[in-house]
Amino acid sequence: MSDGWYLYGVTHAGVELGDAYTTFDGALPRPFLVIDGEVAAITGKVSLEEFDEARLPGLLNDPGWLIPRATAHQDVLERALPGGPVVPFRFGTVYRDERAVRTFLRSNAHELTTALERLSGRVEMGVKVFADRDVLTAALRDTDAPVAELETEIASAPEGRAYMLRRRADRLLDEAVQQFEQECAAESHAAFSAVADDVAVNPPQPAELSGRSEEMILNGAYLLQSVEAINDVAQELAQRYGGSGVTFDVTGPWPPYNFVPSEFA
Amino acid sequence: MQQQITLLELVDRVLNKGVSLSGDITLSVADVDLVYVGLRVLLASVGTLEELQLRDDT
(Lines give C-alpha, C1' and ligand atoms only; values in the text may rest on other atoms or scores of the structure.)
Protein backbone atom coordinates (compact mmCIF):
# COMPACT_ATOMS: atom_id res chain seq x y z
CA MET A 1 0.00 0.00 0.00
CA SER A 2 1.40 3.40 -0.93
CA ASP A 3 1.90 6.49 1.21
CA GLY A 4 -0.23 9.60 1.29
CA TRP A 5 0.97 13.11 2.01
CA TYR A 6 -0.67 14.48 5.12
CA LEU A 7 -0.84 18.28 5.12
CA TYR A 8 -0.54 20.02 8.49
CA GLY A 9 -0.40 23.56 7.19
CA VAL A 10 1.37 26.09 5.02
CA THR A 11 4.10 28.51 6.02
CA HIS A 12 6.75 30.79 4.44
CA ALA A 13 9.41 29.04 2.36
CA GLY A 14 12.21 30.72 4.29
CA VAL A 15 11.00 29.64 7.73
CA GLU A 16 13.67 28.67 10.28
CA LEU A 17 12.38 25.77 12.32
CA GLY A 18 15.57 24.75 14.09
CA ASP A 19 15.05 21.37 15.71
CA ALA A 20 11.29 21.97 16.18
CA TYR A 21 10.50 19.17 13.75
CA THR A 22 13.46 16.83 14.17
CA THR A 23 12.51 16.47 17.85
CA PHE A 24 8.80 15.91 17.14
CA ASP A 25 7.44 12.66 18.45
CA GLY A 26 3.72 12.01 18.19
CA ALA A 27 0.93 9.86 16.79
CA LEU A 28 1.32 11.43 13.33
CA PRO A 29 4.48 11.28 11.17
CA ARG A 30 7.41 13.62 11.74
CA PRO A 31 6.83 16.72 9.61
CA PHE A 32 9.04 18.12 6.87
CA LEU A 33 8.66 20.96 4.38
CA VAL A 34 7.78 20.80 0.71
CA ILE A 35 8.88 24.16 -0.67
CA ASP A 36 7.46 25.70 -3.81
CA GLY A 37 8.28 29.30 -4.60
CA GLU A 38 7.58 31.51 -1.57
CA VAL A 39 5.41 29.03 0.31
CA ALA A 40 6.07 25.72 2.03
CA ALA A 41 3.73 22.89 2.93
CA ILE A 42 4.26 21.26 6.32
CA THR A 43 3.67 17.63 5.45
CA GLY A 44 4.23 14.11 6.69
CA LYS A 45 3.89 10.72 5.02
CA VAL A 46 1.00 8.59 6.23
CA SER A 47 -0.17 5.15 5.25
CA LEU A 48 -3.13 5.33 2.85
CA GLU A 49 -4.28 2.11 4.44
CA GLU A 50 -4.79 3.93 7.73
CA PHE A 51 -6.13 7.16 6.22
CA ASP A 52 -8.69 5.43 4.08
CA GLU A 53 -11.96 7.11 3.23
CA ALA A 54 -14.03 4.07 4.08
CA ARG A 55 -12.39 3.57 7.47
CA LEU A 56 -12.22 7.21 8.48
CA PRO A 57 -15.73 7.74 9.92
CA GLY A 58 -15.17 4.83 12.30
CA LEU A 59 -11.70 6.03 13.30
CA LEU A 60 -12.91 9.58 13.91
CA ASN A 61 -15.42 8.25 16.38
CA ASP A 62 -12.78 6.25 18.24
CA PRO A 63 -11.20 8.58 20.83
CA GLY A 64 -8.30 6.16 21.28
CA TRP A 65 -7.35 6.74 17.64
CA LEU A 66 -8.46 10.32 17.24
CA ILE A 67 -7.26 12.18 20.32
CA PRO A 68 -3.52 11.34 20.07
CA ARG A 69 -3.59 12.22 16.37
CA ALA A 70 -5.53 15.47 16.79
CA THR A 71 -3.06 16.37 19.56
CA ALA A 72 -0.13 15.59 17.26
CA HIS A 73 -1.63 17.76 14.50
CA GLN A 74 -1.91 20.65 16.94
CA ASP A 75 1.61 20.00 18.27
CA VAL A 76 3.15 20.17 14.78
CA LEU A 77 1.46 23.51 14.04
CA GLU A 78 2.37 24.89 17.45
CA ARG A 79 6.01 24.00 16.82
CA ALA A 80 5.90 25.94 13.54
CA LEU A 81 4.47 29.13 15.06
CA PRO A 82 7.69 30.58 16.54
CA GLY A 83 9.21 30.41 13.04
CA GLY A 84 6.54 32.65 11.52
CA PRO A 85 2.91 32.70 10.42
CA VAL A 86 1.15 29.43 9.60
CA VAL A 87 -2.04 28.71 7.70
CA PRO A 88 -3.38 25.69 9.61
CA PHE A 89 -5.11 22.87 7.77
CA ARG A 90 -7.98 20.91 9.19
CA PHE A 91 -7.14 17.50 10.63
CA GLY A 92 -7.06 14.67 8.12
CA THR A 93 -6.18 16.34 4.82
CA VAL A 94 -4.22 13.83 2.73
CA TYR A 95 -2.80 14.24 -0.78
CA ARG A 96 -1.99 11.33 -3.04
CA ASP A 97 1.59 12.34 -3.79
CA GLU A 98 4.13 15.14 -3.61
CA ARG A 99 3.14 16.42 -7.02
CA ALA A 100 -0.43 17.05 -5.78
CA VAL A 101 0.94 18.99 -2.80
CA ARG A 102 3.09 21.11 -5.12
CA THR A 103 0.17 21.71 -7.48
CA PHE A 104 -1.87 23.00 -4.57
CA LEU A 105 0.94 25.33 -3.45
CA ARG A 106 1.56 26.63 -6.96
CA SER A 107 -2.05 27.22 -7.97
CA ASN A 108 -2.82 28.99 -4.66
CA ALA A 109 0.50 30.79 -4.18
CA HIS A 110 -1.06 34.25 -4.23
CA GLU A 111 -3.87 33.46 -1.76
CA LEU A 112 -1.46 31.67 0.57
CA THR A 113 1.11 34.48 0.53
CA THR A 114 -1.60 37.05 1.20
CA ALA A 115 -2.94 34.97 4.08
CA LEU A 116 0.54 34.54 5.60
CA GLU A 117 1.11 38.30 5.44
CA ARG A 118 -2.20 38.95 7.18
CA LEU A 119 -1.38 36.42 9.92
CA SER A 120 2.20 37.59 10.41
CA GLY A 121 2.83 38.70 14.00
CA ARG A 122 -0.70 37.74 15.05
CA VAL A 123 -2.09 34.90 17.13
CA GLU A 124 -5.51 33.40 17.68
CA MET A 125 -6.91 33.48 21.21
CA GLY A 126 -10.07 31.67 22.23
CA VAL A 127 -12.57 33.00 24.74
CA LYS A 128 -15.41 30.99 26.19
CA VAL A 129 -17.79 32.81 28.50
CA PHE A 130 -19.84 30.76 30.96
CA ALA A 131 -22.82 31.81 33.07
CA ASP A 132 -23.77 29.95 36.22
CA ARG A 133 -27.56 30.14 36.00
CA ASP A 134 -28.10 29.52 39.73
CA VAL A 135 -25.76 32.33 40.80
CA LEU A 136 -27.08 34.66 38.10
CA THR A 137 -30.72 33.95 39.01
CA ALA A 138 -30.03 34.60 42.69
CA ALA A 139 -28.20 37.85 41.87
CA LEU A 140 -31.00 39.12 39.61
CA ARG A 141 -33.69 38.18 42.15
CA ASP A 142 -32.14 40.84 44.40
CA THR A 143 -31.21 43.45 41.82
CA ASP A 144 -33.83 43.30 39.03
CA ALA A 145 -36.29 46.11 39.86
CA PRO A 146 -39.54 44.62 38.48
CA VAL A 147 -38.80 41.27 40.16
CA ALA A 148 -37.89 42.93 43.47
CA GLU A 149 -41.18 44.91 43.41
CA LEU A 150 -43.16 41.73 42.86
CA GLU A 151 -41.30 39.99 45.70
CA THR A 152 -42.32 42.79 48.08
CA GLU A 153 -45.93 42.50 46.93
CA ILE A 154 -45.85 38.69 47.29
CA ALA A 155 -44.66 38.99 50.91
CA SER A 156 -47.88 40.74 51.96
CA ALA A 157 -50.35 39.20 49.48
CA PRO A 158 -53.05 36.64 50.38
CA GLU A 159 -52.27 33.04 49.44
CA GLY A 160 -54.13 32.83 46.11
CA ARG A 161 -52.83 36.12 44.84
CA ALA A 162 -49.33 35.33 46.09
CA TYR A 163 -49.37 32.15 43.97
CA MET A 164 -50.26 34.13 40.82
CA LEU A 165 -47.67 36.77 41.57
CA ARG A 166 -45.04 34.09 42.25
CA ARG A 167 -45.60 32.61 38.79
CA ARG A 168 -45.29 36.04 37.22
CA ALA A 169 -42.13 36.79 39.21
CA ASP A 170 -40.56 33.49 38.09
CA ARG A 171 -41.34 34.26 34.46
CA LEU A 172 -39.92 37.77 34.76
CA LEU A 173 -36.81 36.37 36.39
CA ASP A 174 -36.29 33.85 33.57
CA GLU A 175 -36.56 36.66 31.05
CA ALA A 176 -34.17 38.84 33.03
CA VAL A 177 -31.61 35.98 33.15
CA GLN A 178 -31.81 35.47 29.39
CA GLN A 179 -31.58 39.18 28.68
CA PHE A 180 -28.60 39.52 31.02
CA GLU A 181 -26.82 36.64 29.28
CA GLN A 182 -27.44 38.14 25.84
CA GLU A 183 -26.21 41.57 26.90
CA CYS A 184 -23.21 40.17 28.74
CA ALA A 185 -22.23 38.08 25.68
CA ALA A 186 -22.65 41.06 23.33
CA GLU A 187 -20.71 43.45 25.56
CA SER A 188 -17.95 40.93 26.16
CA HIS A 189 -17.61 40.22 22.46
CA ALA A 190 -17.48 43.97 21.74
CA ALA A 191 -14.76 44.47 24.37
CA PHE A 192 -12.62 41.60 22.99
CA SER A 193 -13.24 42.74 19.42
CA ALA A 194 -11.96 46.22 20.28
CA VAL A 195 -8.45 44.82 20.86
CA ALA A 196 -8.57 42.33 17.93
CA ASP A 197 -7.78 42.64 14.23
CA ASP A 198 -10.27 39.96 13.25
CA VAL A 199 -12.98 38.01 15.07
CA ALA A 200 -14.92 34.77 14.67
CA VAL A 201 -17.97 33.78 16.71
CA ASN A 202 -18.69 30.07 16.92
CA PRO A 203 -21.87 28.48 18.26
CA PRO A 204 -21.71 27.96 22.02
CA GLN A 205 -20.96 24.34 22.82
CA PRO A 206 -23.71 22.40 24.59
CA ALA A 207 -23.00 21.31 28.15
CA GLU A 208 -22.44 17.69 27.06
CA LEU A 209 -19.48 18.84 24.96
CA SER A 210 -18.12 21.56 27.23
CA GLY A 211 -18.32 19.19 30.18
CA ARG A 212 -19.48 22.04 32.41
CA SER A 213 -22.74 22.63 34.17
CA GLU A 214 -22.69 26.35 33.38
CA GLU A 215 -24.27 27.73 30.22
CA MET A 216 -21.78 28.75 27.52
CA ILE A 217 -22.96 32.19 26.39
CA LEU A 218 -20.06 33.16 24.08
CA ASN A 219 -17.60 31.06 22.08
CA GLY A 220 -15.34 33.56 20.37
CA ALA A 221 -11.99 33.50 18.59
CA TYR A 222 -9.90 36.65 18.21
CA LEU A 223 -6.92 37.34 15.98
CA LEU A 224 -4.58 39.83 17.59
CA GLN A 225 -1.01 40.93 18.13
CA SER A 226 -1.01 41.16 21.90
CA VAL A 227 -1.92 38.25 24.15
CA GLU A 228 -1.74 40.63 27.12
CA ALA A 229 -4.45 42.88 25.67
CA ILE A 230 -7.01 40.08 25.61
CA ASN A 231 -6.04 38.88 29.08
CA ASP A 232 -6.50 42.43 30.40
CA VAL A 233 -9.97 42.68 28.86
CA ALA A 234 -10.90 39.27 30.30
CA GLN A 235 -9.76 40.38 33.73
CA GLU A 236 -11.77 43.62 33.58
CA LEU A 237 -14.87 41.75 32.46
CA ALA A 238 -14.39 39.08 35.14
CA GLN A 239 -14.34 41.77 37.81
CA ARG A 240 -17.42 43.41 36.39
CA TYR A 241 -19.44 40.22 35.97
CA GLY A 242 -17.92 38.02 38.68
CA GLY A 243 -20.74 38.70 41.17
CA SER A 244 -23.27 37.56 38.57
CA GLY A 245 -21.73 34.10 38.18
CA VAL A 246 -20.06 34.77 34.82
CA THR A 247 -16.58 33.37 34.13
CA PHE A 248 -14.17 33.96 31.25
CA ASP A 249 -11.94 31.17 29.91
CA VAL A 250 -9.14 32.45 27.70
CA THR A 251 -7.07 29.90 25.74
CA GLY A 252 -4.20 30.22 23.33
CA PRO A 253 -2.18 31.32 21.55
CA TRP A 254 -3.52 28.92 18.94
CA PRO A 255 -2.50 28.47 15.33
CA PRO A 256 -5.09 30.64 13.55
CA TYR A 257 -7.56 27.84 12.75
CA ASN A 258 -10.45 30.32 12.78
CA PHE A 259 -8.76 32.78 10.44
CA VAL A 260 -7.85 30.86 7.32
CA PRO A 261 -8.77 32.55 4.02
CA SER A 262 -12.49 32.22 3.38
CA GLU A 263 -11.91 30.53 0.01
CA PHE A 264 -10.25 27.62 1.89
CA ALA A 265 -12.61 27.41 4.84
CA MET B 1 -11.18 19.62 34.70
CA GLN B 2 -9.07 22.27 32.99
CA GLN B 3 -7.22 19.56 31.06
CA GLN B 4 -10.47 18.15 29.67
CA ILE B 5 -11.66 21.52 28.46
CA THR B 6 -8.36 22.09 26.72
CA LEU B 7 -8.69 18.74 25.04
CA LEU B 8 -12.21 19.53 23.89
CA GLU B 9 -11.10 22.93 22.70
CA LEU B 10 -8.35 21.28 20.71
CA VAL B 11 -10.63 18.79 19.05
CA ASP B 12 -13.14 21.56 18.36
CA ARG B 13 -10.49 23.55 16.48
CA VAL B 14 -8.42 20.82 14.85
CA LEU B 15 -11.44 18.96 13.48
CA ASN B 16 -13.79 21.79 12.69
CA LYS B 17 -11.58 24.66 11.61
CA GLY B 18 -8.56 25.23 9.44
CA VAL B 19 -8.18 24.92 5.70
CA SER B 20 -10.63 22.43 4.30
CA LEU B 21 -10.30 21.47 0.67
CA SER B 22 -11.88 19.25 -1.83
CA GLY B 23 -10.56 18.40 -5.26
CA ASP B 24 -7.18 16.86 -5.81
CA ILE B 25 -6.93 15.23 -2.41
CA THR B 26 -7.53 11.64 -1.51
CA LEU B 27 -9.02 12.39 1.87
CA SER B 28 -10.57 15.20 3.84
CA VAL B 29 -12.43 15.09 7.12
CA ALA B 30 -14.75 17.74 5.72
CA ASP B 31 -16.16 15.10 3.38
CA VAL B 32 -17.22 12.90 6.26
CA ASP B 33 -20.74 13.75 7.32
CA LEU B 34 -21.91 13.93 10.89
CA VAL B 35 -18.49 13.26 12.35
CA TYR B 36 -19.01 15.91 14.94
CA VAL B 37 -22.28 14.50 16.16
CA GLY B 38 -20.71 11.15 16.96
CA LEU B 39 -17.70 12.82 18.47
CA ARG B 40 -19.84 14.95 20.73
CA VAL B 41 -21.47 11.90 22.19
CA LEU B 42 -18.12 10.21 22.75
CA LEU B 43 -16.50 13.22 24.34
CA ALA B 44 -19.41 13.53 26.73
CA SER B 45 -18.10 10.36 28.31
CA VAL B 46 -15.77 11.84 30.88
CA GLY B 47 -14.60 8.39 31.92
CA THR B 48 -13.15 7.77 28.48
CA LEU B 49 -11.22 11.02 28.55
CA GLU B 50 -9.78 10.41 31.99
CA GLU B 51 -8.71 6.97 30.91
CA LEU B 52 -6.94 8.42 27.88
CA GLN B 53 -5.20 11.08 29.90
CA LEU B 54 -3.94 8.48 32.32
CA ARG B 55 -2.60 6.49 29.42
CA ASP B 56 -0.86 9.61 28.07
CA ASP B 57 0.71 10.36 31.42
CA THR B 58 2.29 6.95 31.88
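A residue counts as buried under 20% relative accessible area, as exposed over 50%, and as partly exposed in between, with a 1.4 Å probe and protein chains only. By that rule N202(A) is buried, because its relative accessibility is 15%. The model is predicted: local features need pLDDT of at least 70, side-chain atom pairs count only at pLDDT 80 or more, and totals for chains, interfaces and linings use all residues. Residues are numbered from 1 along each chain as its sequence is written, chains are lettered from A and ligands numbered from 1 in the order in which they are written, and side-chain values use heavy atoms, without hydrogens and water.

Stay with N202(A). This residue lies in strand β7 (residues 198-202) of chain A. Strands are DSSP runs of E, at least two residues long; helices are runs of H or I, at least four; both are numbered from the N terminus. Contact means heavy atoms within 4.5 Å. Beyond its neighbours within four places in sequence, N202(A) is in contact with N219(A), N258(A) and K17(B). With K17(B) there is a polar contact, side chain to side chain, at 2.9 Å. Such a contact is a pair of N or O atoms within 3.5 Å; within protein, one must be able to donate a hydrogen and the other to accept it, and residues adjacent in sequence count only if both atoms are side-chain atoms.

Now turn to T114(A), in helix α4 (residues 109-119) of chain A. T114(A) is partly exposed, because its relative accessibility is 39%. A polar atom of its side chain lies 2.8 Å from the backbone oxygen of H110(A). P261(A) is 147 residues away in sequence, yet the C-alpha atoms of T114(A) and P261(A) are 8.9 Å apart.

Next, the neighbour of this helix. Helix α3 (residues 98-107) of chain A packs on α4(A) at about 70°, with the axes 4 Å apart. Axes are lines fitted to C-alpha atoms, for helices over the stretch in contact, and angles run from 0 to 180 degrees between N-to-C directions. The pair is therefore roughly perpendicular, a term for angles of 65 to 115 degrees. F104(A), L105(A), R106(A) and S107(A) of α3(A) meet A109(A), E111(A) and L112(A) of α4(A).

Helix α5 (residues 133-143) and helix α7 (residues 159-194), both of chain A, pack at about 115°, with axes 10 Å apart. Residues of α5(A) in the contact include L136(A) and L140(A); those of α7(A) include L173(A) and F180(A).

Notes
Angles under 35 degrees count as roughly parallel, over 145 as roughly antiparallel, 65 to 115 as roughly perpendicular and the rest as oblique.
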